[in-house]
Amino acid sequence: MTATSWDILLIGGASGVGKSRAAAQLAGEPSESKGFVVEFDDVVSAVEAMTTAEHHPALHHFEGIPDTARLTVDQVLDLQIATARALEPAVLGVVRNRLTVDVPAVIEGDYLTPAAAAEAVREGRAAGRRVRAVFLHEQDPEQILANYTAREPGSGEQRHRAQVSAAYSHWLSRQASRHGLPVVECRPWTGLPGRVERALGQHGPVMSDPGHTLGP
């Protein structure tokens, strides 16, 4: 179907680490097998719009908090992790839909958990499809802050948000390692697609299940 090493590639990582750029590069290489990019943030927005805090509280942890900077980094991190875990069934729904389409796809987003990615890899293998996953990591909040400033120059300094993102990046990296999924440092940005492909080649298929139950 494609000259890449995957049919469906999940790219997880914290906000502001360069997932969208990496997804676009990987989906477009090589050009003769250009893939489809799914931005999971769009799915998150749709799910949130179709649910309420009353009936699906796990999907609305941030409602009623107009300024998350008033919370500690750990408090925001806990809410972000809880939200990501609540969205795991949606991740698998997207993957299952893409398994029915004979076009390579890259799915990227902040809320892709390693647990959901590992399950997607297993389901892909059962379906005879090459579903792979990788998590991009940026450990330096100052670099994430600089990325936000470049990307959103009109939003002012977002230091607290960058600190949360760095903490979330560390959590994702630890979880990815537990699930046997590759973690790739974002920098240097030059050559990142090649490093992702090499990391995928060095990691075998996910075989073990650390025991995390998907979903809320």
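I began with Arg 96, which is partly exposed at a relative accessible area of 42% (buried is under 20%, exposed over 50%, partly exposed in between, with a 1.4 Å probe and protein chains only). The model is predicted: local features need pLDDT of at least 70 and side-chain atom pairs count only at pLDDT 80 or more, while totals for chains, interfaces and linings use all residues. Residues are numbered from 1 along each chain as its sequence is written, and side-chain values use heavy atoms, without hydrogens and water.

I looked up the partner of Arg 96. Glu 123 forms a salt bridge with Arg 96, with the closest N and O atoms 2.7 Å apart (a side-chain nitrogen of Lys or Arg within 4 Å of a carboxyl oxygen of Asp or Glu). Glu 123 lies in helix H5 and Arg 96 in helix H4, so the pair ties together parts 27 residues apart in sequence (helices are DSSP runs of H or I, at least four residues, and strands are runs of E, at least two, numbered from the N terminus).

I noted 11 salt bridges by this rule. One of them joins Asp 110 and Lys 19, with the closest N and O atoms 2.6 Å apart. Asp 110 is in the loop between E3 and H5 and Lys 19 in helix H1, 91 residues apart. Both residues are buried.

I then checked the rings and found one aromatic pair (ring centres of Phe, Tyr or Trp, its six-membered ring, within 6.5 Å; planes under 30 degrees apart are stacked, over 60 edge-to-face, the rest tilted). The centres of Tyr 168 and Trp 171 are 6.0 Å apart and their planes at 10°, so the pair is stacked. Tyr 168 and Trp 171 are both buried.
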